[in-house]
Each structure stands twice: as structure tokens, then as C-alpha cells.
Amino acid sequence: MRPKSYSIFGGHGSKSGVEHAAEVIFTVCGFFAVLAVASITLYMIISGTPALFKVGILDILFGTIWMPAAATPSFGILYVILTSIIGTALAILIGVPIGVMTAVFLAEVAPERLTNIVRPAVELLAGIPSVIYGLLGILILNPLMYKIELKIFAGSTTHQFTGGANLISAVLVLALMILPTVINISESALRAVPQHLRSASLALGATKIQTIFSAVLPAAKSGIITAIVLGTGRAIGEAMAISLVSGSSVNMPLPFNSVRFLTTAIVSEMSYSAGLHKQVLFTIGLVLFAFIMLINITLNNLLKKGEESHDK
Amino acid sequence: MKKNYIKVLALAGMAILTMGTLAGCGSKNAETQAPDTKTEAGTTSGTTANETTAKEDTATNLKGSISMVGSTSMEKFATALSEVFMEKYPSVTVQAEFVGSGAGIEAVTNGSADIGNSSRNLKDEEKAKGVAENIVAIDGIAVVSDPANTVDNLTKDQLINIYNGTTTNWKELGGADQPIVVIGREAGSGTRTAFEELLKLEDACKYSNELDSTGAVMAKAASTPGSIGYVSLDVLDDTVKTMKLESVEPTPENIKAGSYFLSRPFVMATKGEISEQSDLVKALFDYIYSDEGKDLVKAVGLIPAN
């Protein structure tokens, strides 16, 4: 044994070589992710920007007519962008309260035995492939929506009937899909709230529910906001499930209109597109990418702020 | 123990890598060998021509390139055809450009292309310039609805009115009081292009659902009361109601007879008859009209012409 070696395993003289090799491998692996992100960003910008200038930035981003294959094509994606924003916002509006309440139930209210049933169910929900959500949407949600649509718009001559494939269906599917993300992260945030906060609140005479809403939830605020932001990211990036239930026509994002999201716009037309049409689809990808980057930056800022407040 | 584990892991990794390289080399060898044997066979058959049949002889001796210009609707068919043909005759290249039917016929008329692809019949003035209309396949589109629909026949005008949004309820067509759910394909789809062209509804259709596959249209039409959609003929089944158009069923027989209006010929126009063409072009048409060619035509969802 050479004195240089500090390994708990015996030295065969190859130790420093192994150490170096391992270091190199780890570094390469570490940079792999960076390389992937950098190249994707570069690729999206290179392939997404030409169309912006060919068609005109304003014409693409604020045009309302999407006719990519017409004799005089028109590439307005305003309705598509609005649909993604409104659809995601509504999904958050529905999904977050349910998700946070479920997290409160799991972390604060539920007896151990019930937690052991609900939590695996939530985890399973996260594991279900998105296409399954879409299929369920087509089989259950769409016919149901069509019945409501027929009732609401009975006798209407201006409404275009969609057979239940509309914004609401897509929003409901999205709301369901973000639940696991919101629940899991909110629950860990709630569990991380120090026990003495609860005790203090209870000692002051607050009821259990008052304690949850006035002491625990505010204390877990940054974690819950993280949950919301991650949920938004999941909702805005989802394609498969909503492409099955949203109808995929480019329309104003009204509740009973058939709508197209940024993701489904790319998915549905990529296969047959060519030339400028394809380039515009990449531009849509770039817009989506920009949205997701924005969400991630917001998330990072929030996390940093959270850490700072903890440090104080 | 732990160190052994790492060693085993490293060894396994090495083994996998080695196998991968070996497998890679193996397939590469096979690939490079294959053309060699083929050329050998070619030269031997060329020199000892009486031993081989005439057909094989021409097959191996064909060399050169064929240029096709024309219809974008025929892109799927033309691409498939050129790929299969080039695989069969490795020293032949088929170049296909997709610029539109009119431009394709123009190119074959002035001799800049061997074949002009056209997804419509030739006009009389085009034929007058000596261009021969060789119909290689027929594209047919079926109109489907949900199985419970009581309407089973539509006229061309009725179909146009449904798709441009003028007719919105089945009761206007003698059916139940039920709104029409108009289903179509996404922009850029060949079926959509053909459908809109045939009904002269280019970019005038008001779809409530734009689905991105034939299967999705079938599923949606089958499950939505009051739906109407269009699909290529080969996918029709009992889950949907197939509409008669002008009282004609969409069968290959009716389409060939020309009585079903939602169909169009795929023409590969040549300057002069096929018999006047080069051996290459003749071989291409021989292939299209062979059984193998017919299977290819069916495989891309079309009806063989003969």
C-alpha cells in the first residue's frame, strides 16, 4: 500500500486513473444537459425566426386568419396564442384550488390510513400517459359537452356545432393533468412548515381550519407558488391529450368553440407541411419555447426569493 | 464488493459497446457487399446474354434518370413510386418536383421533364400539343356520417352547402332535427386538398373539427351524432355511415366508371404515347401497371387505374 492512497478499497496503483476518469465522465455528463439545452435553443431560434421576417412579425403574432395552405396563405396565430394562454389560465384556475385542497387534506387533515390510499392514487395519476387522458376525454367528456352544447345553443343559427370538442373539454383535461404536479409539490411544501407555527396558532385559540388557512398555507406560500408555476408549465406544454379533445380548428377561444393550442398547431400540421408553412410551424414552436422559458425564469426567481426569505 | 460491482458494470458496458460496433460493422459489410454482387451479376448477365432472360437483362442495364414534375397532391404517390423504382433499378434515379398540375404539364410539353404529374384530366388544348394522358391511379374520397343518420344521399350542391356553412342542420336535408358537425382534415393534408378542389371550396370550408389523421376522422364521425366527414376510400367500415353522392355509392367500380363525382384521376402525362418514350420511362410505366405497381397504388390509398 502506498501512503498516497486514501481509498478505503485497497490500492492497485490505478486509483488516480480511476478518479480522473470518473471526473471526466461526470463532467461530460454534466455538460450533456447544457449542450442539449443550448443546441435546442439555438435550433429553435435558427429555424423559427426566418418565417417571422418573411411573413412579418405583426402578421404572424397578431393576425387572426390561419390559412397556411391557401393560394394566398395567411399565417395569423393570434387565436392560437390566446387559446394557449386562456386555456392554461382556466386549467390553473380549476386545477390549483383542487390540487392545493387535496394537498391540505393529505398533509393536515387526513388520518394516516386514508393518506395511504389517496397518495398512491395521486402518484398513479401522474403516471398515466397523456394519450389516455385524451381518449377518456373523447369517450366521456366530448359526448357530455355535446349534450350541453345542444341544450345551450338549441335553435342557434350562428353557432357552429362542434360535437363537444371545445375549449372547456380541453381545459378540464388539462386541469386534471396538472393535479399530480400541484398536489405533490404543495404537499411537500405544507409538510415542510415547522410544527411550532401550528402549535402557536392552535394555542392562540384558532381552530384547525383557521390554523390551516391563516398560518400553514401562508407559510407554505412559496412552495405552493412553485407548484402553480410547474403546473402552468405542464399545461402549456401538453399536446397529445388536448389534440384529441379540443377540435383543433383555429377559432376565438370561447368556451364552446373548437380551438387550437400552440402545441396542437404544431402536432397536427407538421406531417404534411412544406416550405413557408413548415417554417411558420417552427415559429409557433419558438413562441411556445419563449412561453416555457418565461415560466421557468419566473420559477427560478420565485425559488431564489423563497430562499432569501428563508435565510432571513 | 462495491469495487467488483463497478468492474462488472464496466465490463458489461464494454461488452455492449463491442457488440454494438461489431453489429454496426456487420450490417455495413452486408450493405457494401450487396451492390457488389449485383453489379457482378449485371456484368455476367450482360456478357452471357443468351443465358439470362431479356427482362432481367434490361432490368440490370437500365441507367440514367427520369424527371417528374407536377401535382403536389401526387407527392405521396410519386415519392413512393420513385423510391420503390429506384430500389428495383439501383442505377436509375427518379427526380420528382412538386409544383402543381399545370406547371407539370407545361414542363412535359416543352420537354423539360419526362413526365408531367397532373391530378386532373388533361384539357383539350393540352392534348392538342401532343401530350398523352396516362391515368396511373384514381383518387377517391368518401363522405361519412354517424351510423344513426337518416340521410343517406347528398347532392353536390348539398355537400358544398354543408361544408361552406350554409346548411347547418340535417333537417334541411330531410334528416332529423340535428345540427351538422362538420369534420375535416388539417391544412396541407392531401385528402383535404383533393376534397376542397373537387368541390371548388378551396379555403372556403368552415370546419368545426380539424383532425390530423383519417383514423381520427373515422372515430369522430362514428361517435358524434350529426357528424359529417371525409376520408379516403380504403378505410371505410361499418362504424360509420357512408353517404351516397348523387345516388352513387363510392365503390371502385363506380369511380372508374366516372359516375362518383368525388374522385379524380392521377395522370402521368408524357409527350407522345408511352411506346414513343425512352426505355427508362417505359420501364416506369410497365412497373406502375404491373401487379407490384398496383399494390403500391393501393398502399398509398388510391385505386389502380386498370
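Let's start inside chain B, where domain 1 and domain 2 bury about 710 Å² between them, 62% of it on carbon and sulfur atoms; buried area here is the accessible area (1.4 Å probe) that two parts lose on being put together, summed over both. This is a predicted model, where local features need pLDDT of at least 70 and side-chain atom pairs pLDDT 80 or more, while totals for chains, interfaces and linings use all residues. Residues count from 1 along each chain as its sequence is written, chains are lettered from A and ligands numbered from 1 in the order written, and side-chain values use heavy atoms, leaving out hydrogens and water.

On the domain 1 side, B:I138, B:G301 and B:I303 supply 61% of the area buried against domain 2 of chain B, more than any other three residues. Between these two domains of chain B, the count of salt bridges is zero. A salt bridge means a side-chain nitrogen of Lys or Arg within 4 Å of a carboxyl oxygen of Asp or Glu.

Over all chains, that rule gives 13 salt bridges. One of them joins B:D139 to B:R264, with the closest N and O atoms 3.1 Å apart. Both B:D139 and B:R264 are buried, that is, under 20% relative accessible area, with exposed being over 50% and partly exposed in between (1.4 Å probe, protein chains only).

Over in chain A, A:R191 pairs with A:E187 in a salt bridge, closest N and O atoms 2.9 Å apart. A:R191 is partly exposed at 45% relative accessible area, while A:E187 is buried at 4%. Finally, A:R260, A:E269, B:R192, B:E196 and B:E210 are linked in a salt-bridge network.
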